[in-house]
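User: I have a chain open and want to go through it with you. Can we start with the overall layout and then look at a few residues?

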Amino acid sequence: MKIDVKIEGMKDAQVKLKLLDQDVREKIKDATAQGAAMGSARAKEIITEKGHIITGNLRRSIQYKGGRSSVNQIDGVIGTDVNYAIYVEALPDGGYLY
């Protein structure tokens with residue numbers, strides 16, 4: 001017994017799946033960027049709430065980059081280049097930024 005099966009539309013389905021994958025990836029990148037922005041804003045709020053402001057340099061230095069991507073990864077980064085930030089983050093009065 002021989003059965004022949006012909007599937008039509010596979011190429012169209014593959015194209016649609018690829019476009020869907022790209023669309024989902026862009027949505028994830030946007031959400032990651034938005035989350036990084038919110039995290040950055042919250043870190044600045046905590047510094048202000050805890051009264052850890054002398055010059056405002058640390059608060060101004062907090063930056064974010066969101067939605068950076070590679071083939072297998074999408075990430076957002078929040079940080080500062082101020083060298084004393086780690087000490088403010090770990091203050092015993094609850095100054096933790098996370």
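Analyst: In the protein chain, 51% of the contacts between residues at least 6 apart in sequence join residues at least 24 apart. Contact here means heavy atoms within 4.5 Å.

User: What should I know about the model and its numbering?

Analyst: It is a predicted model, where local features need pLDDT of at least 70, side-chain atom pairs count only at pLDDT 80 or more, and totals for chains, interfaces and linings use all residues. Residues are numbered from 1 along each chain as its sequence is written, and side-chain values use heavy atoms, with hydrogens and water left out.

User: How many helices and strands does the protein chain have?

Analyst: Three helices and two strands, in the order α-α-β-β-α from the N terminus. Helices (H or I, at least four residues) and strands (E, at least two) are DSSP runs, numbered from the N terminus.

User: Why is the protein chain called more spread out than a compact globule?

Analyst: Because its radius of gyration is 23 Å, well over the 13 Å that the globule rule gives for 98 residues. The radius is taken over C-alpha atoms, and the rule is 2.2 Å times the number of residues to the power 0.38. The C-alpha trace spans about 85 × 25 × 20 Å along its principal axes.

User: What share of the protein chain is buried?

Analyst: 16% of the 98 residues count as buried. Buried means under 20% relative accessible area, exposed over 50%, and partly exposed in between (1.4 Å probe, protein chains only).

User: Switching to residues. Is S61 buried or exposed?

Analyst: S61 counts as buried, at 12% relative accessibility. S61 sits in helix α2, residues 57–61.

User: Which residues does S61 contact, leaving aside neighbours within four places in sequence?

Analyst: G79, T80, D81 and V82. Separately, the side chain of S61 reaches the backbone oxygen of L58 at 2.7 Å.

User: And where is S40?

Analyst: S40 is in helix α1, which covers residues 10–49. S40 also counts as buried, at 3% relative accessibility. Not counting residues up to four places away in sequence, S40 touches I62, Q63, Y64 and I78.

User: K27 next. Buried or exposed?

Analyst: K27 is exposed, with a relative accessible area of 54%. K27 lies in helix α1.

User: What separates the C-alpha atoms of K27 and S61?

Analyst: 28 Å, and the two residues are 34 residues apart along the chain.

Technical notes. Polar contact = N/O pair within 3.5 Å; in protein donor to acceptor, adjacent residues only side chain to side chain.
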